[in-house]
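Please look over the sequence and the model below, and then follow the text through it step by step, from single residues out to whole chains.

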Amino acid sequence: MSSVSRKAAVATALAAILLAMPGCEREARRFDKAPVAPDARARAGALASFTAGPPGRGLQERAAAGGYDERSAWTLAQGKRWYRWFNCIGCHAQGGGGSGPALMDAGWTYGKTPGDIFTTLMDGRPNGMPAFRGRIPEEQAWQIVAYVRSLSGLVPSDAETNRGDELHGAEPEELREPARPEDKR
Amino acid sequence: MNDALDAAGPQAAWIARLWWISLWLCVAVFIGVMAALGWALWRSHRAAAADGNAPVRGDRALRVLVASATLLSSVLLVGLLEASVLTDRALGRLPRGDALSIRVTAHQWWWEMVYEDARADRVFATANELVIPVGRPVVVTLEADDVIHSFWVPNLHGKKDLIPGRSTTIEFRADRAGRFVGRCAEFCGLQHAFMAYDVVALPPDRYAQWADHERTSAPEPRAAEAVRGRELFLTGSCMLCHAVQGTSAQGRRGPDLTHFASRSHIGAGSIANSPQALARWIEDPQKLKPGANMPSHFLPPDDLAALVAYLETLT
Amino acid sequence: MAACAIAQAALVAASPGDWPMAAHDDANTRYSPLAEITVSNVARLRPAWTFSTSTDKGEEGAPIVADRAMFVATAFPNRVLAFDLSGSGPRLLWTFDPKANPGARGVACCDVVNRGAVYADGRLFFCTLDNQVLALDARTGRELWRRSLGEFATGQSMTMAPIVVRDKLLVGNDGDDFGVRGFIAALDVATGAERWRAWSTGPDADVRIGPGFAPFYAGDRGKDLGVSTWPPQAWRIGGGTVNGWLSYDAQLDLVYHGTGSPAPRNPVQRPGDNKWTSTLFARRPDSGEAVWAYQTSPHDRHRYDGGNESVLVDLAIGGRTRHVLLHPDRNGYVYVMDRATGELLSADPYVLVTTSHGVDPASGALRYDPGKDPGLDRVAREICPGSAGAKNWQPSAWSPRTGLLYLPHQNLCEDAALYEVGHVSGTPYLGTQARMHRAPGAPRGELAAWDPVARRKAWTAREAFPVWSGALATAGDLVFYGTMDGWFKAVDARNGKELWKFRTVSGIVGQPVSFTAGDGHQCIAVLAGVGGWAGLVVSNDLDTRDGTAAGGFVEAMKDLPAATSRGGMLYVFRLP
C-alpha cells in the first residue's frame with residue numbers, strides 16, 4: 001500500500017471512530033442514584049389505595065431535571081418491563097386498550113407530552129386511571145412515560161423496543177408510525 | 001463450600017467419580033506421551049550427535065510401538081465412554097419415591113422457589129434459598145421468566161438450563177446435612193455473577209419444622225417503629241414488587257419477603273444479611289448490585305430505620 | 001319427539017303484561033305469555049316510539065315494566081328513565097341521576113354496563129357501577145334509600161340485575177379481574193339494611209355453609225374448603241364475584257346463583273380447586289345459608305366463571321317429572337340438574353369443546369384436557385371455548401310451548417399465554433394474555449334452540465357476530481334477539497326461520513322484553529347501544545391493531561367498527 005493511501009485509510013478510520021463515539025453517550029447507564037431528589041409530593045399523600053385522582057397541576061419541570069431521555073433504547077426497554085410488571089397490560093393491553101383507552105393510537109385524552117403522561121401516571125385521572133404517586137419511583141415512572149410514547153411511534157425508531165417474548169398482539173413498537181400532525185388533539 | 005468434588009449426594013458423587021477417572025486416565029496418558037516425546041527428542045539428538053547421516057534404527061519396532069499405543073488409546077477412550085454412559089444412566093435413575101417437589105423460576109437476577117404440595121394450602125414461596133431434607137429426593141421444576149439461566153449446585157448435581165417458554169426438571173438428593181451454594185451458570189446479564197442462592201440440607205425433622213414455619217404468615221409487628229415500617233412498606237413502592245403473606249403486599253416481581261430476616265443473604269448472594277447491610281441495600285441497591293431492577297430510594301433516615309425494623313421482624 | 005314441558009307452578013309474573021324484573025320471573029324464563037304478535041303477523045311489526053338514553057356505552061339492560069310504567073337503568077352514569085305507558089306515545093315520568101363516581105369506570109372490566117333494575121311493591125331497585133344500591137319510589141322517582149356495598153378503589157364494581165324475594169333485595173358484586181372477593185348480600189327492601197352477606201371464598205362461616213349444607217358430590221364436601229383449596233390467604237383476593245343472574249324457587253324456597261371465576265386469571269399462581277369460585281349455589285333467601293353447591297369448573301383455568309343463569313323448569317325425564325334447573329355454562333356444557341339436591345342429570349356440549357372431555361357423571365367433575373393449559377410465556381392454542389365462554393352473560397329464554405331453551409351465544413376459541421402477576425389493589429389481577437378467533441367450522445355467533453330432554457340442538461340461526469344480546473320467547477311462538485351490528489330480529493320459535501328484522505341505530509347487546517301498552521296491545525322493547533366485553537372495540541374506541549386488547553376479544557372483532565357505531569336508544573315496537 002502506498003504511503004498516501006495508507007494515511008487516507010488511517011484518517012478515514014479515525015474519523016469513523018470519532019463520529020461513532022457520541023452514539024455511546026445515549027446508551028450510557030448511570031448506576032448511582034439520580035442526581036435530583038424527587039418531588040416532595042411524590043412521597044407526601046401516598047394513598048392507601050389506588051383512587052383515581054383529580055387532575056394534577058403537572059410535574060412538567062421534572063422531565064428535564066429527572067433525566068428523562070426517550071432516545072435511549074435502554075430507557076424504553078426498562079419502560080416496557082415496568083409496563084408489564086405494574087399491570088398496565090391489564091387495562092391497556094399491548095397498546096390496544098381494553099377497560100382503559102388505547103395507547104397506540106393518535107388520540108390522547110389528557111395530552112401526550114412527557115409531562116402530561118407523567119401527571120396521568122402519578123396523579124391518576126377522573127375517569128378511572130389510578131394514581132401511582134408514591135408507588136412507582138420517579139425514575140421508573142419516566143421510563144414508563146417514554147415507553148408509552150413509543151407505543152404510538154413518538155420516539156426515535158432506532159431506540160424503540162422490538163418484538164416482545166409474549167403472545168403476539170400488535171406489531172413491534174419499532175414498526176409503529178408516529179401520529180400525523182392532523183391527528184393530534 | 002462450593003466444591004463439585006465434595007459430593008453431598010449421589011448425583012454429584014457420580015459426576016465426581018467420572019471426573020476423577022478422567023483425570024487419572026488423562027494424567028497417565030499425558031505422562032506416557034510426554035515420556036515418549038522426551039525419549040524421541042533424546043534419541044534423535046543422540047543419533048544426530050553421533051552420525052549425522054545414520055538411518056533411524058528399529059523401524060519395525062517403532063511401528064509396533066506406535067500401533068500398540070494407538071490401540072491402547074482407543075481402548076482407554078472406549079473405557080471413558082463406557083464410564084460416561086454408566087454415569088449418565090445412574091444420574092437418570094435416582095429413585096424418586098416420596099420426592100419433594102419444588103418449582104424454581106429464575107429471574108434477572110434472583111431465584112424464586114415455590115414448594116409444591118398436594119394440598120393447596122400447604123404451598124409456600126421463598127426466594128434465593130433452597131432448603132431440602134437430607135435423604136429425600138428432590139425434583140425441581142425449572143422455568144425462567146426472561147432470559148436463559150442455569151441451575152447449578154456443584155455439591156449436589158451438574159448444571160441444567162432454565163429456558164423461557166420451556167419447563168424442565170432436575171433431580172437430586174442430599175445425603176448429608178450442610179450448607180452449600182448454588183449459582184447461575186449461564187450468562188444472563190449484568191449481574192449474572194451475583195445470582196447465588198443458599199442451599200441448606202437439614203435433617204428431616206428440622207426440615208419439617210422449617211417448612212411449617214415458612215407456611216405461616218408474617219407475624220404482627222409489636223414495636224411502634226416496626227408498625228410504622230409496615231405502614232411505609234404497604235403504602236410505598238415496596239408492595240408493588242414484593243409480597244409479605246398476611247398483608248396486602250402481594251407483588252411478584254421481586255423476592256417474597258415473608259421470612260426475609262431468616263435468610264443469610266440479601267440480593268441473591270450479593271451481601272450477607274444484617275440490619276446495617278439491609279439499610280444500605282434499601283437505600284441504594286444500585287451501589288451494591290448495579291443494574292438490578294430494584295430502584296434506589298430517597299428515604300428520610302428515620303423512615304429507613306423503621307422499614308429496616310419492620311423487615312427484621314419477618315423471621 | 002317434542003319435549004313435554006309441564007307447566008311451572010306459580011313461576012309467572014304478577015301480571016302477564018308486566019316485566020317486573022330483568023329475567024321476567026323468578027324462574028328466569030324470559031317468556032312472555034302475550035300472544036298478540038304471532039308468527040303470521042310479526043312481519044308487520046314496526047317501531048312505535050324511541051327514546052335516546054344519552055349514553056354511548058354498552059346497553060346490556062332490560063327495560064322493566066310494572067304498574068303501567070317502564071323503567072330503564074342505563075349504562076354509566078346509571079341514570080334511570082321512567083316512562084308513563086298509559087298513553088300511546090312516550091311520556092317521561094321522571095329521571096333519576098344517582099351521581100355515580102366516574103372513577104369507577106376504571107374498574108369495569110367489561111364496559112360500564114348495567115343489566116337492569118327490579119320493581120317490587122311500588123319501589124324500584126338498581127345498582128350503580130360504583131357499588132351503590134338504591135331504592136326509588138316508582139311513582140315519583142324519589143330516592144328512598146341508598147347503601148354502599150364497597151369501594152371501587154379496591155377494584156369492585158356492580159353491574160348485575162338484583163332480584164327481590166319477599167322482604168329482601170339480593171345483590172352481588174363484580175370485579176373478578178381485579179382480585180375482588182365475591183359475595184351475595186341481602187338488603188332489607190324497606191330500609192336497605194344488610195341482613196346477610198355470603199362470601200364466595202373463605203371459611204365456612206363466611207360462605208354461610210353450616211349444618212344444613214348437603215352438596216350432592218363428594219368433591220364439594222369437606223370443612224372450610226374455601227380456605228384449604230387455595231394457597232394460604234389467596235382466597236382473600238380470590239374473586240368469585242356474583243355478577244350474574246339470580247333465580248328463585250318459591251316452593252323449595254331456594255335462591256340459585258353462580259359465582260365468578262377465580263383470581264388471578266393465571267391458574268399456576270393459585271393451585272388447588274379454588275372453591276367456591278365457578279360454583280353453582282342454592283341458598284335460603286332468608287338466611288343466605290347454603291343448601292347445596294356444585295363447582296362447575298374446579299381450578300378454573302380459562303376464566304369460565306359460574307355466573308350464567310339457572311332457568312328453573314319442570315321436565316319429563318326418564319318417565320317422571322323432574323324439577324330441574326337448566327344452566328348453560330361458559331365451559332361449553334348445558335347442565336341439567338335436579339334443583340332440590342344438586343344432582344347432575346346431564347351435561348352436554350353446545351359448542352366445540354377442546355378444553356375438556358365431558359363431565360364425569362359419577363363424581364360430577366369436569367374432565368379437563370391438560371394439553372390446553374397455557375404456561376409461562378408458553379402459548380396454548382385452540383382453547384375452545386375461550387375465556388369469553390361458549391355463552392357469556394347474555395341470558396337465554398325458555399318457551400314452555402316448544403320445550404326449547406334459546407341460547408344466544410358465540411363460537412370463539414383462543415390462544416393464551418401466562419405471565420406472573422402481582423396483586424395491587426384496584427388494578428387488574430390477570431396474568432394471562434389471549435387472542436380470540438372464530439372456532440373452526442362454526443359461525444362467530446349463533447342463536448341455538450336447545451332441547452334439554454333430547455340433549456341436542458333442535459335448530460340454530462347463524463350470525464356473523466357473537467349474539468351478545470339476551471333472548472326473549474313469547475307465546476306467539478316467536479324468539480326475539482339482537483345482533484351486534486344492529487339488527488333486531490324475530491324468528492320462529494319452532495324452526496328458527498327469520499320472520500322479521502329491523503336495523504337499529506347501534507349494535508344490540510340488551511335484553512328484549514315484551515309487555516302490554518296502555519291500550520292493551522302487545523309491545524316489544526329493547527335497548528340498542530353496542531358495547532359490553534364483545535363490543536369494547538367500538539364502545540371504548542380501541543385500536544384494532546392490537547389483537548390482545550380487551551382480553552383478546554379485539555382480535556375476533558376487528559370488523560365491528562365498520563359495521564356499527566356507538567349510541568344508546570330505547571326502541572318500542574308494536575303491530576300497526
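In this predicted model, C:Asp206 is partly exposed, its relative accessible area being 26%. C:Asp206 takes part in a salt bridge with C:Arg181, and the closest N and O atoms of the two are 2.9 Å apart. This pair connects distant parts of the chain, since C:Asp206 belongs to helix H1 (residues 204-207) of chain C, whereas C:Arg181 sits in the loop between strand E13 (168-172) and strand E14 (183-188), 25 residues apart. C:Arg181 has a relative accessible area of 14%, and it is therefore counted as buried, the cut-off being under 20%. Side chains of opposite charge can pair when their charged atoms come close.

Another pair of chain C joins C:Lys391 to C:Glu309, whose side chains meet in a salt bridge at 2.9 Å, N to O. Here too distant parts of the chain are linked: C:Lys391 is in the loop between strand E26 (380-383) and strand E27 (397-399), C:Glu309 is in the loop between E19 and strand E20 (311-317), and 82 residues separate them. Are these two residues buried or exposed? C:Lys391 counts as buried because its relative accessibility is 0%, and C:Glu309 counts as buried because its relative accessibility is 1%.

The salt bridge between C:Lys223 and C:Asp224 has its closest N and O atoms 3.0 Å apart. C:Lys223 counts as exposed because its relative accessibility is 64%, while C:Asp224, at 21%, counts as partly exposed. Elsewhere in chain C, salt bridges link C:Arg166, C:Asp167, C:Lys168, C:Asp253 and C:Asp286 in a network, and over all chains the structure holds 59 salt bridges.

With a relative accessibility of 3%, C:Gln295 counts as buried. Its side chain reaches the backbone oxygen of C:Asp273 at 3.0 Å, and a polar atom of that side chain also lies 3.0 Å from the backbone oxygen of C:Thr277. Leaving aside residues up to four places away in sequence, C:Gln295 touches C:Asp220, C:Asp273, C:Asn274, C:Lys275, C:Thr277, C:Ser278 and C:Thr279.

Chain C as a whole contains five helices and 39 strands, and its C-alpha trace spans about 60 × 55 × 55 Å along its principal axes. Of its 576 residues, 70% count as buried, and chain C exposes about 16,200 Å², with carbon and sulfur atoms supplying 50% of this area. Among contacts in chain C between residues at least 6 apart in sequence, 62% join residues that are at least 24 apart.

The next step is from one chain to its partner. The size of an interface is often given as the accessible area lost when the parts come together. Chain A and chain C bury about 2,500 Å² between them, 55% of it on carbon and sulfur atoms, and 30 residues of chain A are in contact with 35 residues of chain C. How many salt bridges are there between chain A and chain C? The count is zero, although 15 residue pairs, both residues at pLDDT 80 or more, are in polar contact between chain A and chain C.

Chain B, finally, carries a nonpolar surface patch of about 660 Å², made by B:Val29, B:Phe30, B:Ile31, B:Val33, B:Met34, B:Leu37 and B:Leu41. B:Val33 has its place in helix H1 (residues 10-50) of chain B, and B:Val33 is partly exposed, with a relative accessible area of 46%.

Conventions
Residues are numbered from 1 along each chain as its sequence is written. Chains are lettered from A and ligands numbered from 1 in the order in which they are written. Side-chain values use heavy atoms; hydrogens and water are left out. Patches are made of residues with over 30% relative accessible area and no salt bridge: like charges are joined within 9 Å, nonpolar side chains (Val, Leu, Ile, Met, Phe, Trp, Tyr) within 5 Å. Accessible areas come from the Shrake-Rupley method with a 1.4 Å probe; for residues, only the protein chains shown count as cover. A salt bridge is a side-chain nitrogen of Lys or Arg within 4 Å of a carboxyl oxygen of Asp or Glu. Helices (H or I, at least four residues) and strands (E, at least two) are DSSP runs, numbered from the N terminus. Buried means under 20% relative accessible area, exposed over 50%, partly exposed in between (1.4 Å probe, protein chains only). Contact means heavy atoms within 4.5 Å. Buried area is the accessible area (1.4 Å probe) that two parts lose on being put together, summed over both. A polar contact is a pair of N or O atoms within 3.5 Å; within protein, one must be able to donate a hydrogen and the other to accept it, and residues adjacent in sequence count only if both atoms are side-chain atoms.
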